[in-house]
Amino acid sequence: MQALGVGVVYWPILDPLLREPGSPATVVEIEPQAFWEMSHDDRHGWRYRPNEALLDELAALPQAKLIHGVGHPVGGTVTDPLDHLNLLQDAVTQLAPAWVSEHLSLNRFERPQGGPEPLDQVEHAGFLLPPSQTPATTRVAADNLQRLRSAMDRPMAFETGVNYLRPQAGEMSDGDFFAAVAETSDCGIVLDLHNLWCNACNGRQSVDEVMARLPLERVWEVHLAGGMRHGAYWLDAHNGRIPEPVIELAARWIPKLPALGALMFEILPEHVPTLGLDEVAQELNLLQTMWALRAPRLVHVAQGRPAPPATGHSRPEDRAAVRAWECQLAAALHGEAPADAALSQDPGCALLARLIQDFRRANLTRALRFTLTTLLLGLGEDDTEALLQAYARHSPPQPFAALEAEQFAAFVWGHIGHWPHLPHLCEVLAFEHALIRASVHGHSTQLHWSVDPTQVLEALEAGQLPPPLPIVHSVMHIQAA
């Protein structure tokens with residue numbers, strides 16, 4: 001096949017850049033799960049709901065397409081309790097990607113005491129977490145990749161992940177682990193050079209040492225992104241320009257990648273307004289310069305061996321070993337016993353716990369903006385922080401912002417009697433909770449306001465508690481779609 005060229009991971013805010021004549025992007029990478037929601041009804045129970053209108057728009061983009069999974073990584077043993085493969089298959093059929101990729105990470109734990117429903121038996125980690133780098137994980141990941149490849153009927157690749165943990169005793173080096181997974185699964189590699197540089201900055205294996213161990217003919221795609229300093233760590237934040245050392249690494253290694261088919265820039269949508277679309281275009285033009293370093297050639301993307309229906313690479317003892325690591329990591333992140341001592345004392349584990357907390361709070365800020373503003377203005381930062389910490393101890397992370405917000409709303413309702421002095425908190429919370437319930441459960445709600453709701457929301461939008469307002473009884477209808 002022809003190489004696809006230079007592109008960007010898709011977000012709607014990038015649409016003008018992708019649709020303009022002469023766009024510097026010739027390929028776009030789509031993360032379908034980023035545009036899913038979870039919904040519940042009495043007939044179907046819990047299920048995923050894709051954004052079908054957006055998929056139609058994406059299919060019409062002039063660029064070539066790739067699909068990159070973000071919700072179901074291949075480095076763990078705990079599978080998604082809901083059916084996600086059918087939706088991914090639909091996206092593959094509609095977008096016809098040259099290949100599909102997923103993260104070599106984990107994002108779910110098995111609950112020690114699960115309930116009768118599938119969702120009760122699995123806890124979402126709230127973040128993509130590093131797997132144990134062992135032969136057992138290699139075989140488990142290979143089986144996961146082969147199952148995905150069989151289901152997608154497309155060549156499959158995995159992304160080299162970021163790892164904030166110290167190297168564990170007895171684990172494989174980063175390069176040996178990535179190479180073993182690629183060879184065992186007969187899959188391709190999405191080489192995230194910023195991830196590798198981030199790992200090296202944080203005390204893991206150097207990028208050149210990793211690259212020396214990789215089967216370079218399996219690198220089909222390279223990711224480049226920006227990051228940021230956080231204390232002693234460099235974070236893979238996808239927040240702006242590509243650092244100069246990463247550009248230098250790309251310039252040195254791109255000519256040595258015989259099967260490179262795509263070179264991608266990653267930036268999260270919340271950082272695009274700060275950088276600006278013109279600056280994103282400049283980064284893509286820089287990637288075009290680096291792409292020119294690649295020797296022109298056809299790209300061979302191996303289809304790989306079909307996954308056997310009942311047998312694979314991993315054995316029951318492999319899955320047991322990997323699951324033991326997952327339990328140890330979960331305990332360390334939660335500050336629970338019995339956690340592995342080395343993990344519990346690893347500052348990278350504390351960093352991961354903080355990143356999970358920040359990710360959850362970002363979801364709450366998006367979905368319960370007025371409620372959180374009321375709490376911050378009425379209680380102050382210290383008491384609001386104590387409330388958020390109590391909530392985090394009480395409730396596990398949720399994979400979608402709406403579910404996290406619904407869970408937090410229920411938690412606040414249970415404590416709302418403690419704050420009778422906060423003006424209109426009940427009405428504001430009821431309003432935002434009703435919006436969430438309409439989206440998640442399809443429930444319509446009739447709300448009663450004691451004052452003009454517009455004046456309440458305008459004051460909160462301006463960062464102020466509402467002043468004393470005249471009594472004006474009104475009814476608001478929140479209608480489910």
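The chain carries 32 positive and 57 negative side chains, and the centres of these two sets are 6 Å apart. These values, like the others below, are computed from a predicted model.

**Overall build**

The chain contains 18 helices and 16 strands. Its radius of gyration is 24 Å, close to the 23 Å that the globule rule gives for 481 residues, so the chain is as compact as a globular protein of that length. Along the principal axes, the C-alpha trace spans about 75 × 55 × 45 Å.

How much of the chain is buried? Of its 481 residues, 54% count as buried. Among contacts between residues at least 6 apart in sequence, 77% join residues at least 24 apart.

**Aromatic pairs**

The structure holds eleven aromatic pairs. One of them is formed by Trp197 and Trp234. Their ring centres are 5.4 Å apart and their planes stand at 70°; planes over 60 degrees apart count as edge-to-face, so this pair is edge-to-face. The pair links distant parts of the chain, since Trp197 is in helix 6 (residues 193-201) and Trp234 is in strand 13 (residues 233-235), 37 residues apart. Trp197 is buried, with a relative accessible area of 15%, and Trp234 is buried as well, with 14%.

Another pair, Tyr391 with Phe408, is also edge-to-face: the centres are 4.9 Å apart and the angle between the planes is 80°. Here, too, distant parts of the chain are linked: Tyr391 belongs to helix 15 (residues 381-394) and Phe408 to helix 16 (residues 401-413), 17 residues apart. Tyr391 counts as buried at 2% relative accessibility, and Phe408 is buried with a relative accessible area of 0%.

Elsewhere, Tyr10, Trp11 and Phe35 form one aromatic cluster.

**A buried glutamate**

Glu102 is placed in strand 6 (residues 100-103). Is this residue buried or exposed? At 3% relative accessibility, Glu102 counts as buried, because the cut-off for buried is under 20%. The C-alpha atom of Glu102 is separated by 9.2 Å from that of Leu148, which is 46 residues away along the chain.

**Positive phi angles**

Most residues other than glycine have a negative phi. Which phi does Ala96 have? Ala96 has a positive phi of about 50°, although it is not a glycine. Ala96 is found in the loop between helix 3 (85-95) and strand 6, the strand that also holds Glu102. Asp186 is not a glycine either, and has a positive phi of about 55°. Asp186 lies in the loop between helix 5 (174-185) and strand 10 (188-192).

**Accessibility of the named residues**

The table collects relative accessible areas given above.

| Residue | Relative accessible area | Class |
|---|---|---|
| Trp197 | 15% | buried |
| Trp234 | 14% | buried |
| Tyr391 | 2% | buried |
| Phe408 | 0% | buried |
| Glu102 | 3% | buried |

Conventions: Residues are numbered from 1 along each chain as its sequence is written. Side-chain values use heavy atoms; hydrogens and water are left out. Helices (H or I, at least four residues) and strands (E, at least two) are DSSP runs, numbered from the N terminus. The radius of gyration is taken over C-alpha atoms; the globule rule is 2.2 Å times the number of residues to the power 0.38. Buried means under 20% relative accessible area, exposed over 50%, partly exposed in between (1.4 Å probe, protein chains only). Contact means heavy atoms within 4.5 Å. Lys and Arg count as positive and Asp and Glu as negative; His and the chain ends are not counted. The place of a charge is taken as NZ of Lys, CZ of Arg, CG of Asp or CD of Glu. Rings of Phe, Tyr and Trp (its six-membered ring) pair if their centres lie within 6.5 Å; planes under 30 degrees apart count as stacked, over 60 as edge-to-face and the rest as tilted.
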